[in-house]
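Here is a brisk report on one protein structure. Keep the sequence and the 3D view open while you read.

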Amino acid sequence: MVDRINEEDQILLKGCLENDRRIQRRLFEKHFKKMFRICLSYSGDKNEAKDILQEAFIKVFTGLDKFDSRGSLEGWIRRIVTNTAIDFFRQRKKLVYTSAFSGETDEDEDEDEHVSNLFQELTNDVILHYIRKLPDGARVVFNLFAVDGMSHREISKKLNISEGTSKSQYKRARGLLQKWLCDYQQNMS
Amino acid sequence: MIGKGFDREYLEWLQQLDADDGDSVWEAIENELDLIETWSRIDMELNRVLPQRKKIIPLEFLKVAGVAAAILLMISVPLLFVLNKGKISRTPVEQVISEATSPDSVPDNPAAPVQAEADRDIASPGATNNSDLLPYTAEIGPDPGEFQKNYLPGSYHEGVTPSRETSLMETPADTKSGDHPGKKDEPAISFITGIRADIVRPAVKGNVNTPGLIVPAIETTGATGISPARFIRILDAGLVYSYKNSWLLNYETWNCLNPTKLGNIMPTFRHDIGITSAVAFKEKHHFGLEFFWLSGAGQNYKQYIEASFVDRKIVLNYFKLQAFYLWNHQKIPGSTIFGGYYARLGMAEEIQGGQKFRVTDDYRDHDYGLVLGHQLNIPLVNSIVITPGIRINYNLMNIFEGHPGAVNIFKSTNNFSAGLNLAVSYSLKK
């Protein structure tokens, strides 16, 4: 296996393993933005996202000795952040899996090209805003499926829900997002 | 698969978002997340689950040693004065008398009787207060070089009574100048035979009664009057400027001195601008007072953030009041100073990548510490004296206040500076 950890990460890793608070802070500063974005994509509320981020980084620092240095440090941190976000919702039982709203379609292949344009045309702020606006349950499932590449079976196990619920929540999230983004674009034009 | 294109586009958008650091969305994200606050909470939790081992760093030792040295100095110097009071309180004339009246000294100077006679002849009737001294003072008279060597060592004399000393150095020019009305009958030349006016004149020019002067401490006062020493007297007043190397000493800066760590401490220079004055207590002990309306402190450094070094600068501006004792060593030109300071924070800001952030609330309003240094007083023209010197300041308290959840490594921050000092003062006439 190729050694993927670079020199900078090695220094950070060594310092963090020595419990050097300054280096730990460096590691946090290096990754906090991306990881916070992930937290925000799982939780629409910024205070919740902060809590998730904080909890995730404590897990990172306390569990760094378990990190396999052959992999990517960022990827490892990302996984911890994602798992922490899922745990957060599972423990607090906040996820409410609401049913799909009327007019939401399952077969929307034709929409994809249009959506492709949407992502290119709309600003990041707007897209992030609508992602955060999604219902918690739908947003979490959507992220796990679309971003983390989990199957509905894996999602169902992680979230203690049925596979059907996972699929329906994913479709709901995607449908809402498409609708909101299209509406926004139409309003703008 | 349903929605496959949508997922792909979404994923691509997210990846582009991750790669695009300069996008305003990052700023928005950063604004929503208070880095310091979040890290503080992480740090607190880490302190609970992964407590750091306390390092014994030399800095701690230096602090204790500094305080101990200061206390030792403050005790030892007055003691030194008390123990040597007999010696240092005497004027050169008194020393001459003392030496001359010593039974051992008379036989050593075979020219004494002759010289004494000569001096009696030129002695002023007005100097009757000193008439008893004449035979003795005359004994060392013939050798002006010896006098200079013994009594004008080139630095200010503690305990010198200027009026007496001056009476020995008075010249016709002085008596004519009207400086001392009512003393017209003063001797035209010094009754210490052989001392030429031009030897002491350059030193007499202007008021040189400033501590630490590298010229003899002689001033033009009444020829015979032995004026009682005033309890307190302002010696000079002027402007002072200091250019100094400043350090904020904490865990962060200490570790940045280690090249293997990610971060660099940069040389940091700040300056102080203010007013200065020196006062004499009973003409024996001299103190300096300085007030700086701008006293800079802080630290420049580079911090490794997001895979690149970012310039960071902490700027702290204080109002500072500094008081110190001026210790004039007989052999070393100038004055060694030691004392303390009190400072009040005026402004604190952090500059990061060109952006300024007000951080006044993160630092304590008050600060105090020690000042050590050495300075020379060089007369420039008439009453103007320039005083170059070196100063070291070290504060004795943690200047970082932060908030209850502040990161532990910043919780203990001390202030240290070392630099060059330059004062331009006007010496006040007695």
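## Chain B overall

In chain B, 73% of the contacts with a separation of 6 or more are between residues 24 or more positions apart. This is a predicted model. Chain B holds 14 helices and 11 strands. Of its 430 residues, 46% count as buried.

## Strands of chain B

Start with strand 1 of chain B, residues 232-249. Strand 1 is joined to strand 3 (residues 269-281) by 13 bridges. The two strands run antiparallel. To find this pairing in the view, pick B:Asp236: its bridge partner in strand 3 is B:Ala278.

Strand 1 of chain B also pairs with strand 11, residues 414-427. Here there are 14 bridges, and the direction is again antiparallel. B:Tyr241 marks the spot, with B:Leu422 in strand 11 as its bridge partner. In a regular strand, side chains alternate between the two faces of the sheet.

## Nonpolar cores

The largest nonpolar core has 69 residues. Which residues have the most contacts inside it? They are A:Phe28, A:Phe61, A:Ile77 and B:Trp13. Helix 2 of chain A supplies the largest share of this core, 10 residues. Nonpolar side chains tend to be buried together in soluble globular proteins.

B:Trp13 reaches across to chain A. Leaving aside residues up to four places away in sequence, B:Trp13 touches A:Phe119, A:Asn124, A:Ile127, A:Leu128 and A:Ile131. Another core, of 15 residues, lies apart from the largest one. Its members include B:Ile265, B:Ala297, B:Tyr301 and B:Phe400.

## Aromatic pairs

How many aromatic pairs are there over all chains? The count comes to 16. One of them is A:Phe28 with A:Phe32. This pair is stacked, 5.7 Å centre to centre, with 25° between the planes. The angle counts as stacked because it is under 30 degrees. Both residues lie in helix 2 of chain A, residues 21-42. They are four residues apart, about one turn of the helix.

Next comes A:Tyr130 with A:Tyr184, an edge-to-face pair. Their centres are 6.0 Å apart, with 70° between the planes. This pair links distant parts of the chain, 54 residues apart. A:Tyr130 lies in helix 6 (residues 124-133) of chain A, and A:Tyr184 in helix 9 (residues 163-188) of chain A. A:Tyr130 counts as buried, at 13% relative accessibility. A:Tyr184 counts as partly exposed, at 24%, because its value is not under the 20% limit for buried.

A:Phe28, A:Phe32, A:Phe57, A:Phe61 and B:Trp39 form one aromatic cluster.

## Lysines

Two lysines sit over aromatic rings. A:Lys133 lies over the face of A:Trp180, at 5.1 Å from the ring centre. B:Lys320 lies over the face of B:Tyr341, at 5.0 Å from the ring centre.

Look also at A:Lys33, in helix 2 of chain A. Is A:Lys33 buried or exposed? A:Lys33 is buried, with a relative accessible area of 13%, so its value falls under the 20% cut-off. A:Lys33 and A:Leu53 are 20 residues apart in sequence and 9.9 Å apart in space, C-alpha to C-alpha.

A:Lys167 lies in helix 9 of chain A. A:Lys167 is partly exposed, with a relative accessible area of 40%. In sequence, A:Lys167 and A:Ala138 are 29 residues apart. In space they are 9.5 Å apart, C-alpha to C-alpha.

## Cysteines

A:Cys39 counts as buried, at 0% relative accessibility. A:Cys182 is also buried, with a relative accessible area of 9%.

Methods
Residues numbered from 1 in each chain as written. Chains lettered and ligands numbered in written order. Predicted model: local features only at pLDDT ≥ 70, side-chain atom pairs only at ≥ 80, totals over all residues. Heavy atoms only, no water. Phe/Tyr/Trp six-rings, centres within 6.5 Å; stacked < 30°, edge-to-face > 60°. Buried < 20%, exposed > 50% of the residue type's maximum accessible area, 1.4 Å probe, protein only. Lys NZ or Arg CZ within 6 Å of the ring centre and 35° of its normal. Core = buried A, V, L, I, M, F, W, Y, C linked by side-chain atoms within 4.5 Å. Contact = heavy atoms within 4.5 Å. Pairing = 2+ DSSP bridges.
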